[in-house]
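Please take a moment to look through the chain from one end to the other. The paragraphs below then go through it step by step.

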Amino acid sequence: MVPRSRGGVTSWENVVAACSPCNLKKANRSLRHSGLHLARMPSRPTSEEMHAAGRRFPPHHLHQSWVDYLYWDVELES
Ligand SMILES: [Zn+2]
């Protein structure tokens with residue numbers, strides 16, 4: 001994977017979610033040089049997997065367990 005800060009693309013295979021402490025620790029290093037390990041390899045979900053995931057949540061609902069993973073980068077990039 002190529003860090004986005006080094007021109008890496010925002011794709012299903014190149015970007016993963018991480019909590020803020022882990023993301024700060026990784027910074028702009030490659031995964032190999034970060035000392036971090038992926039919980040699972042990123043991959044593009046099939047449309048069936050996307051629909052199955054979507055059915056588990058009501059529209060516009062943000063599960064509490066995702067609060068630490070989302071929105072913080074909006075502040076960094078604005
Ligand atoms: Zn973490």
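Helices (H or I, at least four residues) and strands (E, at least two) are DSSP runs, numbered from the N terminus. This is a predicted model, in which local features need pLDDT of at least 70 and side-chain atom pairs count only at pLDDT 80 or more, while totals for chains, interfaces and linings use all residues. Residues are numbered from 1 along each chain as its sequence is written.

The protein chain has 4 helices and 0 strands, and its pattern along the sequence reads α-α-α-α. Confidence is given as pLDDT, the predictor's confidence in each residue, from 0 to 100. For the protein chain the mean pLDDT is 83, with 88% of the residues at 70 or more. Helix 3 has the highest confidence, at 89, and helix 4 (residues 72-77) the lowest, at a mean of 56. Where pLDDT is low, the predicted coordinates should not be read in detail.

How much of the protein chain is buried? A residue is buried if 20 or more other C-beta atoms lie within 10 Å of its own, exposed if 12 or fewer, and partly exposed in between, with C-beta atoms placed from the backbone. Of the 78 residues in the protein chain, 0% are buried.

Contacts give another view. Two residues are in contact if their C-beta atoms, placed from the backbone, lie within 7 Å. Among contacts in the protein chain with a separation of 6 or more, 52% join residues 24 or more positions apart.

Single residues can now be placed. P45 sits in the loop between helix 2 (31-34) and helix 3 (47-55). P45 counts as exposed because it has 12 C-beta neighbours inside 10 Å. From P45 to W12 is 33 residues in sequence, and the C-alpha to C-alpha distance is 8.0 Å.

A27 belongs to the loop between helix 1 (20-26) and helix 2. Its phi is near 50 degrees, a positive value in a residue other than glycine. Most residues other than glycine have a negative phi. A27 has 10 other C-beta atoms within 10 Å, so A27 is exposed.

S5 lies in the segment before helix 1. With 9 other C-beta atoms within 10 Å, S5 is exposed too. S5 and A27 are separated by 22 residues in sequence and by 9.1 Å in space, C-alpha to C-alpha.
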